[in-house]
Amino acid sequence: MDVKIEKSWKNLLKNEFEKDYFVKLTDFVRNEYKTQTIYPPGKDIFKAFDLCPADNVKVVIIGQDPYHGKGQAHGLCFSVKDGVKIPPSLRNIYKELYNDIGKPIPETGNIEHWAKQGVLMLNATLTVRAGQAGSHQGKGWETFTDAVIEKIANKKENIVFLLWGNYAQKKGQIINSEKHYILKSAHPSPFSAHNGFFGNKHFSKTNEFLKSKGLTEIKW
């Protein structure tokens with residue numbers, strides 16, 4: 001099956017694309033795009049991978065679903081397109097960035113520049129129906145993104161995994177903490193940010209770790 005995804009990922013995941021679940025997932029997703037309003041736009045489904053080749057990955061952030069509002073999702077967890085109102089979770093991420101490293105709060109919610117520096121911003125489910133949160137869960141995407149995490153965790157070392165909230169932490173259970181640096185906290189959602197997301201200092205801790213391994217720090 002020909003999946004339009006960045007070359008290094010295509011090589012790393014080629015066996016995955018041949019599996020029955022992925023063939024079924026592809027048929028389901030294609031039909032959904034034909035019959036429903038689906039986010040993100042088809043060309044952006046694998047944008048997190050296209051902007052952050054497998055060889056460049058230094059940090060992994062795990063989200064759950066793409067945004068299901070008009071014009072928001074563009075293939076990266078927590079990020080929205082330029083000109084779109086900054087969602088509450090991302091606003092809290094920006095607040096923690098300010099409190100942690102003093103970065104002024106940006107006016108845009110587009111954080112593609114993280115991806116281009118080696119931050120894989122991976123949603124567990126890569127598509128969603130407009131206005132229907134979780135509508136593409138349980139169709140095969142989670143199996144695919146588990147495989148992505150597993151391959152990164154097995155083939156690389158010294159990756160920083162930022163696991164915010166119970167869902168991400170459960171999904172990250174396959175990661176070997178002796179090979180990688182795992183940072184966990186509450187989710188940045190307004191419902192939970194005060195339970196340990198604020199004050200987690202994950203951004204400075206990430207850069208301290210990268211620096212200790214002789215790697216370029218992320219310009220958050």
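This is a predicted model: local features need pLDDT of at least 70, side-chain atom pairs count only at pLDDT 80 or more; totals for chains, interfaces and linings use all residues.
Student: How do you know that the end-to-end span of helix α6 agrees with its 15 residues?

Tutor: Take 1.5 Å a residue. The expected span counts one less than the number of residues. For residues 141-155 that gives 21 Å, and the end C-alpha atoms are 21 Å apart, so the two agree.

Student: What makes Trp9 stand out in the largest nonpolar core?

Tutor: That core has 65 residues. Trp9 is one of those that touch the most other members, along with Phe46, Phe49, Ile61, Trp114, Leu120 and Phe144. Helix α6 gives the most to this core, with 6 residues. Contact means heavy atoms within 4.5 Å. By that test, and leaving out residues up to four places away in sequence, Trp9 touches Phe49, Leu120, Val148 and Ile152, among others.

Student: Why are both faces of β3 called covered?

Tutor: In a regular strand the side chains alternate between the two faces of the sheet. On one side of β3 lie Val119, Met121 and Asn123, and on the other Leu120 and Leu122. Each is buried, so both faces count as covered.

Student: How do you know that β2 and β3 pair?

Tutor: Pairing needs at least two bridges. Strands β2 and β3 have 5, in the parallel sense, so they pass.

Conventions. Residues are numbered from 1 along each chain as its sequence is written. Side-chain values use heavy atoms; hydrogens and water are left out. Helices (H or I, at least four residues) and strands (E, at least two) are DSSP runs, numbered from the N terminus. A nonpolar core is a set of buried Ala, Val, Leu, Ile, Met, Phe, Trp, Tyr and Cys residues joined through side-chain atoms within 4.5 Å. Buried means under 20% relative accessible area, exposed over 50%, partly exposed in between (1.4 Å probe, protein chains only).
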